[in-house]
Amino acid sequence: MSLSVMGGAFSYRKDMPLLQDVCFDVGAGEVLAILGPNGVGKTTLVKCLLGFLPWQSGETTLDGKPLREYRGRTLWQRVAYVPQARQPAFSYRAEDMVLLGRSPYLGDLSLPGKRDRELALEAMELTGITHLIGKSCDRLSGGELQLVLIARALAAQPDHLVLDEPESGLDFRNQLVVLDLIQRLSREKNLTVVLNTHYPDHALRTADKALLLFGGGTYQFGRTSAILTEEHLRALFGVDIAVWNARVKEKDYAAVIPLEILDGKENERWTRP
């Protein structure tokens, strides 16, 4: 199982390339983190990856087959998308929101059956939110709602999971809850996970591979240990940083420490089209 992009390109203006000749792949049990400052195309990349926006050249492939060849229901049985958590317009109960994840398996006039409800409950158990049963989504915290949306995606039993900034806006504890869940899903469920994030620390914690978007169509892709270097991160964010490594309780950790803002010339060779 793999999710790949070959030669992907997209721009909103012809004279300003946003994504250009993007190539990457992520396999079963792997986590890919997409990082970059605001405005470089992270969310646009996710939309193109999933077919919400059409690549202007290049294509997404799912297990070697072009994404465009998958029919709607078949695609969303294989791939699940978790958007950024926002309060829903309707007051769904948490369990009903999760049950919506079974939609790709239902006909236009079909209602969820016993098995659908069982799988929705299993997804809530996996994400640790069974205590939210009976609660209205418009009364949940941001962290609780984010876990409900992840459970909704998992109810479809996908092979591939794409998350758009799932930890943004969450408190310190809930960020770790979401990150640890992502790691557990990739390892225990063998899921292919694509994670769009603003936080280099989170990528270092969870990701096997990293894709850095510098702007102007420039990017770097590879194993996280080789890509998330001090040099690359300085160029990416325009901030002088240090990567601190430590071993605590028999486990290795890495943290990105911001030192000072650079003068803007340090990253010209990365961002120049």
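**Exercise 1. In which loop does Lys249 lie?**

Solution. The model is predicted: local features need pLDDT of at least 70, side-chain atom pairs count only at pLDDT 80 or more, and totals for chains, interfaces and linings use all residues. Residues are numbered from 1 along each chain as its sequence is written, and side-chain values use heavy atoms, without hydrogens and water.

Step 1. Helices (H or I, at least four residues) and strands (E, at least two) are DSSP runs, numbered from the N terminus. Lys249 lies in the loop between strand 11 (239–248) and strand 12 (251–261).

Step 2. Buried stands for under 20% relative accessible area, exposed for over 50%, and partly exposed for values in between (1.4 Å probe, protein chains only). With a relative accessible area of 80%, Lys249 is exposed.

Step 3. Although Lys249 is not a glycine, its phi is positive, about 50°. Most residues other than glycine have a negative phi.

Step 4. Asp21 is likewise not a glycine and has a positive phi of about 50°. Asp21 belongs to strand 2 (residues 19–27) and is partly exposed at 48% relative accessibility.

**Exercise 2. Identify the residues that touch the most other members of the largest nonpolar core, and examine Leu161.**

Solution. Step 1. A nonpolar core is a set of buried Ala, Val, Leu, Ile, Met, Phe, Trp, Tyr and Cys residues joined through side-chain atoms within 4.5 Å. The largest has 47 residues, of which Val98, Val148, Leu161 and Leu163 touch the most other members.

Step 2. Helix 5 (residues 142–155) supplies the largest share of this core, 9 residues.

Step 3. Contact requires heavy atoms within 4.5 Å. Beyond its neighbours within four places in sequence, Leu161 contacts residues including Ala80, Val82, Leu185 and Thr192.

Step 4. Another core, of 26 residues, lies apart from it; among its members are Leu19, Val40, Leu211 and Leu213.

**Exercise 3. Characterise the surroundings of Thr192.**

Solution. Step 1. Thr192 is placed in strand 8 (residues 192–196) and counts as buried at 1% relative accessibility.

Step 2. Not counting residues up to four places away in sequence, Thr192 touches, among others, Met1, Val26, Glu30 and Asp159.

Step 3. A polar atom of the Thr192 side chain lies 3.4 Å from the backbone nitrogen of Ala28.

**Exercise 4. How many salt bridges does a search of the whole structure find?**

Solution. Step 1. A salt bridge places a side-chain nitrogen of Lys or Arg within 4 Å of a carboxyl oxygen of Asp or Glu. The search finds 18.

Step 2. One of them joins Asp159 and Arg78 at 2.5 Å, N to O. Asp159 lies in the loop between helix 5 and strand 7 (160–164), and Arg78 in helix 2 (residues 72–78), so the pair ties together parts 81 residues apart in sequence. Asp159 is partly exposed, at 21% relative accessibility.

Step 3. In another, the closest N and O atoms of Arg187 and Asp208 are 3.5 Å apart. Arg187 is in helix 6 (residues 172–188) and Asp208 in the loop between helix 7 (200–206) and strand 9 (209–215), so this pair links distant parts of the chain, 21 residues apart. Arg187 is partly exposed at 46% relative accessibility, whereas Asp208 is buried at 16%.

Step 4. Salt bridges with shared partners join Asp25, Glu30, Lys209 and Arg223 into one network.

Technical notes: Polar contact = N/O pair within 3.5 Å; in protein donor to acceptor, adjacent residues only side chain to side chain.
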